[in-house]
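Reader: I'd like to go through this one with you piece by piece. Could you take my questions as they come?

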Amino acid sequence: MTEPARTSEPLEQTNDRSSAKSVPGSILTTGLADNTQLGREADVTWYFEEFEQRVPAPPVPASAARDFVYQALAVAALALGSHYMWWRWTASLNLSVWWFSVPLVAAETLAFGGSVLFFLSIWRGGDTPRSPLPATRNDIADDVLEGDRPLIVDVFFPTFNEDVELVRRSIRDAKAMRYPYPIDVRIHVLDDGKREQMRAVAEAEGVGYITRATNIGYKAGNMRNGMEQTQGDLLVICDADTRPFPNLLEETLGYFRDSRVAWVQTPQWFFDTVSGRPLTEVLGGWLGGAGRGLGRLIEGVFGVISCGADPFGNDPRLFYDVIQRRRNWCNAAFCCGAGSVHRREAVMESALKAYAEQVSSAVAPFTTQVHDPVMREELFTAMSAEAAREIEFTPYKFHVSEDIYTSIVLHSDEHRKWRSVYHPVVVTKMLSPQDLLTWSIQRFKYAGGTLDIFRNDNPLRRPGLSAWQKLCYGSTIYSYFAPLWTVMFLLAPMIYFFSGWSPVTAYDSDFYAHFVPFIIVNRLAFMVGTWGVDSRRGEQYYLAFFWLNIKALRDVALGRPVKFHVTPKTRQSGNYYVLVWPHIAIVVLSALGAAWMGYQVYLGEGNVSAYIVNVFWVLNNALSLWVMVSAASATVKA
């Protein structure tokens with residue numbers, strides 16, 4: 001292990017191996033190395049360099065009035081939705097094709113349940129008030145050191161096979177972080193790739209290099225190994241491509257004055273997403289001045305529209321600025337790994353408790369059979385020692401989704417009642433998936449990991465979590481069961497088009513009277529609840545993700561291990577039609593079905609109202625599915 005870059009040994013001096021930048025009130029080491037040492041950095045050109053000057057959007061301003069309007073609309077949507085679902089089950093089923101109509105209304109009910117959970121999980125805003133920045137270690141702890149000292153902050157960069165020059169950029173940005181008080185920042189590269197070139201970069205940059213003999217436990221095991229060899233009071237988690245802004249510590253460390261705060265999560269911002277072309281420009285290219293005028297008219301109603309923007313649905317603001325942020329008030333915002341700051345004491349203490357529980361659970365089946373209390377105690381002690389040697393101690397849960405799993409463990413600690421904080425200001429930048437394969441690897445990992453937690457350590461049954469915390473975690477888990485209803489929504493129009501069988505008794509005024517008010521108010525509630533954030537791509541990919549989600553459900557249901565694949569940080573070459581053949585098949589069959597039924601309607605043998613409803617249904621599905629098909633056809637250079 002290479003000695004990490006230290007910034008306060010003694011406080012008046014900087015590390016001998018590096019030159020320090022002058023930061024008022026700070027003693028952060030920078031350690032800039034000779035760029036020629038590795039011979040590659042000066043020659044590297046990255047695709048994202050043209051986006052380096054981008055700045056993140058500020059968080060949407062909080063508004064009590066908007067919260068009130070949202071809650072009123074959400075209540076109305078849930079009431080109208082309940083009325084609609086009651087009518088669907090009791091008065092609209094076409095029982096002559098019950099095998100079609102019952103699964104469809106069941107799918108509608110499940111989807112409505114998802115809406116209920118979503119609306120409740122973002123019920124209100126509530127940013128955590130900021131506190132003054134801590135000057136010393138005693139400012140963030142209950143126990144007081146006689147000889148107080150500056151805070152020690154470890155910065156971890158777990159890496160496996162990412163380009164070493166990409167990691168170098170992240171290291172250098174981390175060394176540029178500032179703080180108004182003396183602070184000891186120690187940067188460590190945790191290299192599970194065991195690469196000499198990565199070691200050389202760490203040594204050249206004057207930061208720590210930590211590796212291990214095995215890669216057990218994926219990223220969580222890598223971080224555990226790092227924690228065993230470091231001593232920071234606080235821990236900043238970064239991915240290999242996570243580049244901290246200079247103000248990261250200034251924005252987050254004040255929350256730790258509350259000794260119950262276990263971690264602070266910040267938004268992840270992908271600064272390299274495709275921005276697209278303005279609608280006015282696109283229409284102007286087609287129709288000239290009339291097109292530009294039409295574009296301005298459309299944007300006057302719907303806001304600025306960019307065509308071709310964010311083709312992979314990478315913009316995470318719907319998740320961070322809405323879902324995470326609006327769970328803050330009930331202490332249910334969970335850790336998402338990169339861009340988070342952790343209290344070492346919380347992670348270690350919770351891990352020790354979980355470790356003791358694992359040991360006791362492993363021994364209990366054998367010791368409870370012994371009736372003599374003395375012998376039972378002796379057997380328990382002997383077997384516990386043996387079990388402790390066999391069970392891994394895991395500060396971060398050994399799991400493909402170690403971030404949310406560790407959050408559940410900490411939130412459920414009934415004794416310490418640890419708190420989480422979601423800080424809404426972006427303080428890091430990251431690289432987004434640039435091709436469909438990379439996107440699929442990332443999303444499959446999220447889905448499989450979350451479902452695996454539900455199967456093996458269901459947070460809904462875990463004591464210590466509040467009702468609101470269980471609802472929020474449950475909402476996240478429930479969203480990954482979406483194929484149970486989205487598949488039926490995709491198939492239903494095709495069944496109607498090719499067979500003529502209708503799942504409802506009639507698409508008449510009674511149907512519209514129940515459905516239209518519900519869907520309008522539901523959309524209004526969603527619009528106000530997500531105000532200021534573009535949710536269009538997220539909604540489209542929620543439907544288009546159905547095939548990967550089915551695979552994740554299948555693997556978890558069969559007990560197959562969810563494998564950890566490192567998400568590529570650079571563009572991959574090629575196209576990926578093999579990933580979207582179900583999407584293409586559904587779009588093509590839906591179009592053929594619509595044409596066939598349209599011909600039947602033309603001949604006077606089909607129901608016009610039912611046909612119109614299903615055509616709109618198909619168009620909505622096709623627009624969502626085709627987003628993913630278009631992403632698969634994008635050929636990019638590595």
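Reader: Among contacts in the chain between residues at least 6 apart in sequence, what share joins residues at least 24 apart?

Author: That share is 82%, where a contact means heavy atoms within 4.5 Å. Please keep in mind that this is a predicted model, in which local features need pLDDT of at least 70 and side-chain atom pairs count only at pLDDT 80 or more, while totals for chains, interfaces and linings use all residues. Residues are numbered from 1 along each chain as its sequence is written, and side-chain values use heavy atoms, with hydrogens and water left out.

Reader: What is the mean pLDDT, and where does pLDDT stay under 50?

Author: The chain has a mean pLDDT of 84, with 81% of its residues at 70 or more; pLDDT is the predictor's confidence in each residue, from 0 to 100. Over residues 1–40 it stays under 50, although the model has 99 contacts beyond four places in sequence for them. Where pLDDT is low, the predicted coordinates should not be read in detail.

Reader: Switching to α19, how many residues does it have, and which of them are buried?

Author: Helix α19, residues 581–602, has 22 residues and reaches 31 Å from its first C-alpha to its last, close to the 32 Å expected at 1.5 Å a residue, the expected span being 1.5 Å times one less than the number of residues. Helices here are DSSP runs of H or I with at least four residues, and strands are runs of E with at least two, numbered from the N terminus. Its buried residues are P582, H583, I586, V587, S590, G593, A594, M597, Q600 and V601, buried meaning under 20% relative accessible area, exposed over 50% and partly exposed in between, with a 1.4 Å probe and protein chains only.

Reader: New topic: what is the strand order in the open sheet?

Author: The 7 strands run β3-β2-β1-β4-β9-β6-β10, with mixed pairing, and two strands pair if DSSP finds at least two bridges between them. β3 (208–210) and β10 (419–422) stand at the edges with a single partner strand each, so one side of each is left without a neighbour in the sheet.
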